[in-house]
Amino acid sequence: MSEVIVITSGKGGVGKTTTVANIGTGLAAMGKKVVVVDTDIGLRNLDVVMGLENRIVYNLVDVINGSCRLKQALIRDRRHSELYLLPSAQTKDKTAVSPEQMIKLTDDLREEFDYVLLDCPAGIEQGFRNAVAGADRALVVTTPEVSAIRDADRIIGLLESDGIRDIRLIINRLRPEMVARGDMMSVDDVLEILAVDLIGAILDDEQIVISTNQGEPLSGKKSQAEEEYRNICRRLMGEDIPYVTVRRKNNIFQRFGSIFRK
Amino acid sequence: MRAFFSEKNRSAGYARDRMKLLLVSERIDCSPQMMKLLRNDLIHTVKKYVVIDEKGVTIQITQEPPVLHAVIPVLKKRDA
């Protein structure tokens with residue numbers, strides 16, 4: 001049974017595209033057939049994060065216009081044979097696609113893939129409407145900052161009014177040393193404010209920058225952030241993985257620690 | 001060492017409290033100013049019927065499902 005999942009945030013720059021690339025790669029590495037779709041028309045980005053920017057021939061708008069067949073536009077990942085990218089168009093704008101066309105596209109993708117991950121543009125305008133139209137469930141990405149949290153709350157409200165019931169939260173770029181001294185909101189603080197269920201808490205981790213530079217998501221060996229992305233993948237597949245956070249220890253931030261509420 | 005920094009004085013607690021207040025009012029489309037007006041109107045209305053401690057009146061809206069709670073201390077006749 002296939003699932004269409006939209007990854008959204010409201011605010012830009014909180015890590016939607018990185019999240020899509022990492023979760024897509026993680027699910028593919030676990031043997032699932034996955035397509036990641038860049039729905040940000042005019043501001044193509046998922047391709048560079050995946051390291052596939054040089055292989056684009058056709059794009060999402062070409063597929064929707066019927067300029068090419070779906071399979072022609074799908075780009076196979078270099079490292080995972082069951083992972084594909086459907087890139088966005090760079091020359092069109094968001095009005096080139098309607099929500100009805102997106103529903104048709106996601107329904108076609110459902111037949112081929114176990115997971116369809118939609119990278120949603122920032123904002124709440126038509127690009128958001130398009131991305132959300134065909135989704136079964138949503139992952140909302142936020143950071144522990146007031147601006148991102150406020151936008152996440154708005155997005156959660158819009159998703160709920162669109163009839164999406166399954167909404168889970170990813171809290172990105174946590175800095176445990178700041179949380180420990182009370183200068184950054186904790187996972188529990190954010191969950192209390194937003195009143196939504198968590199699916200992952202990701203540390204602010206240099207490896208994410210490195211992997212993105214290289215265009216190879218999940219390429220780090222000992223990265224806590226990448227490990228948590230893998231945990232998110234398992235939770236998406238229905239596994240019950242305990243939540244761990246980082247605790248201060250002899251000035252070195254080491255893994256393991258308290259389990260917090262789900 | 002950590003006892004030095006009580007959570008109240010640090011920025012995260014402040015941010016959390018601000019966001020809680022803001023989002024509750026945004027969700028029901030009622031600004032903090034409107035809440036103030038609502039509080040005044042409530043006091044004004046209740047005062048017509050019973051003697052109350054105006055300074056002790058608090059109103060807040062809790063989440064999921066949103067419910068408006070008003071606490072209005074009523075004074076006994078002999079206190080008033």
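In chain B, 25% of the contacts (heavy atoms within 4.5 Å) with a separation of 6 or more are between residues 24 or more positions apart. The model is predicted: local features need pLDDT of at least 70, side-chain atom pairs count only at pLDDT 80 or more, and totals for chains, interfaces and linings use all residues. Residues are numbered from 1 along each chain as its sequence is written, chains are lettered from A and ligands numbered from 1 in the order in which they are written, and side-chain values use heavy atoms, with hydrogens and water left out.

The secondary structure of chain B consists of 2 helices and 2 strands, where helices (H or I, at least four residues) and strands (E, at least two) are DSSP runs numbered from the N terminus. Along the sequence these elements follow the pattern α-α-β-β. Chain B has 80 residues, of which 20% are buried; buried means under 20% relative accessible area, exposed over 50%, and partly exposed in between (1.4 Å probe, protein chains only).

The interface of chain A and chain B takes 15 residues from chain A and 16 residues from chain B. The area buried between the two chains is about 1500 Å², with 53% given by carbon and sulfur atoms; buried area is the accessible area (1.4 Å probe) that two parts lose on being put together, summed over both. Across this interface, 10 residue pairs are in polar contact, both residues being at pLDDT 80 or more. A polar contact is a pair of N or O atoms within 3.5 Å; within protein, one must be able to donate a hydrogen and the other to accept it, and residues adjacent in sequence count only if both atoms are side-chain atoms. On the side of chain A that touches chain B, α7 (146–161) and α9 each supply at least two residues. The residues on that side divide into 8 nonpolar, 1 polar and 6 charged; Ala, Val, Leu, Ile, Met, Phe, Trp, Tyr, Cys and Pro count as nonpolar, Asp, Glu, Lys and Arg as charged, and the others, Gly among them, as polar.

There are 5 salt bridges between chain A and chain B, a salt bridge being a side-chain nitrogen of Lys or Arg within 4 Å of a carboxyl oxygen of Asp or Glu. One of them joins E26(B) to R150(A), with N to O at 2.4 Å. Another joins D189(A) and R16(B) at 2.8 Å, N to O. This pair crosses from helix α9 (residues 187–194) of chain A to helix α1 (residues 11–27) of chain B. D189(A) counts as buried because its relative accessible area is 9%, and R16(B) is buried because its value is 15%. Elsewhere, E3(A), R137(A) and D166(A) are joined into one network by salt bridges that share partners.

Over all chains the structure holds 19 salt bridges. Within chain A, R137(A) and E3(A) form one at 3.1 Å, N to O. This pair links strand β6 (residues 137–142) to strand β1 (residues 3–8), the two residues being 134 residues apart. Both R137(A) and E3(A) are buried.

Helix α11 (residues 224–236) of chain A has 13 residues and should span 18 Å at 1.5 Å a residue, which agrees with its end C-alpha atoms being 18 Å apart; the expected span is 1.5 Å times one less than the number of residues. The N-terminal end of α11(A) is capped by S223(A), a side-chain oxygen of which lies 3.4 Å from the backbone nitrogen of A225(A). Buried residues of α11(A) include A225(A), Y229(A), I232(A) and L236(A). Just after the helix, G238(A) takes a positive phi of about 100°.
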